[in-house]
Structures are given as structure tokens and as C-alpha cells.
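Subject: Structure handover

Hello,

Here is the structure for you to look through. My notes follow below it.

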Amino acid sequence: GNVRKLGVEGEDLEFVQYQLDDPEEYVDETIVVVGAGDAAIENAIALSQNNKVIILNRRDEFARAKEGNLNAILTAIDTGSVKCIYNANASKVTKIEANKDSEHRLCFEISTKEETIEIECDRVIGRLGALPPRKFLDHCGIKFPNNEPNAVPSVSERYESNVKGLYIIGSLAGYPLIKQCVNQGYEVVEFI
């Protein structure tokens, strides 16, 4: 799919990224992780070994996290190895800009329900999911029930789309968990 970005000027600055390949690559940085799903939690915990990490959660809980990740992030927050800002509405990121007059590379500003918080940091990692590759799917002839960017194509009980022989599984079919995708893939292969 197409990676969801922060939606504010500065979202493509050099030290703003949307993927983490190797957490060991970063040492002694202040890093803001935006997101509250499993990828964000895993990134925050891995980065906290060598960095100061702040995770931003739009809600007041980690509702979508797997139990193991939920326990790990709550423990990290309780012990202080990760700081969490709850009720941070990611759609209200108001500023990301290069910070020339500070020891940190970026100035990141976010609104919560109560206040606007400015964070000086070295890196921002947005883990906000992805939007379906709609243009590609339209080109393949896949039909959607509406024009909403998050619309899910209709599939048969065997995950076949309206295009004969083209099967759609996983998050593209509305099932975001990897376990579901693996099981659906198995079912499709068995059927074929």
C-alpha cells in the first residue's frame, strides 16, 4: 500500500521516516514514535535500549496492540524507558521543522486534548499504517463499493475478487492481522 504520512509540512524532512530497519543504527538520540499499533510499540521498545524515546498515542490506551506488545509497552512506560504522550491526535501535528539553534535536529509540535506540546528531537518515526494501492487495483479492474480511500473490495467466501482468478487477502480485504492473512493465503492456495 501507500504509507500514511503525518500530513503536515515537514513530513518528508531528512530525519522523518516511516519505517525502521535496524534500531541498533540509532544511539543517543531523542526519537518520537508516532502510532500506537504493534509496529510503533515494537519500534519504541527496540529504540529505547540506546535512545530517549517518546511514543505518541492518539487515544488513552493501546487498544490495537497484541497482548505481548501491550504488556511490554506498559512496562516500558512504567519503568520510564519510554515516555508516552496519550490523547495525542495525530491529525493535529502542527509542525515539523529543522531545528538549527538547538542540539536536536527537529522541532515537532503536536496537539493533545489539553495542550500543544513542542518536542525537540533528533528523529520522528511515523508508524501510521498504509492506504491501499487504489490506483493499481483500479487498473487491475478491481471493483470497490465506493470511492473512499479506505474502501475494501468485495470478495467471495474464497477471497476471489470480481476479476476471475485474482484473490485478495489480508488488510487489503479488511483483515489487518498477519495471522489472518497467512490463514487466508493458505485457504486460497488450497482452493486453487
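The buried residues of helix 1 are covered by parts that include strand 3 (30-34), strand 4 (52-56), helix 2 (67-79), strand 5 (82-85) and strand 9 (123-126). Those buried residues are Asp-38, Ala-40, Ile-41, Asn-43, Ala-44 and Leu-47. Buried means under 20% relative accessible area, exposed over 50%, and partly exposed in between (1.4 Å probe, protein chains only). Helices (H or I, at least four residues) and strands (E, at least two) are DSSP runs, numbered from the N terminus.

This is a predicted model: local features need pLDDT of at least 70 and side-chain atom pairs count only at pLDDT 80 or more, while totals for chains, interfaces and linings use all residues. Residues are numbered from 1 along each chain as its sequence is written, and side-chain values use heavy atoms, with hydrogens and water left out.

Helix 1 also gives the largest share of the lining of the largest pocket, 4 residues. A pocket here is an open set of points on a 1 Å grid over the protein atoms alone, where a 1.4 Å probe fits, with protein on both sides within 12 Å along at least five of seven lines; lining residues have an atom within 4 Å of a point. The lining has 39 residues, and Arg-64, Gly-129, Ala-130, Ser-171 and Pro-176 lie nearest the centre of the pocket.

Regards

Terms used:
Contact means heavy atoms within 4.5 Å.
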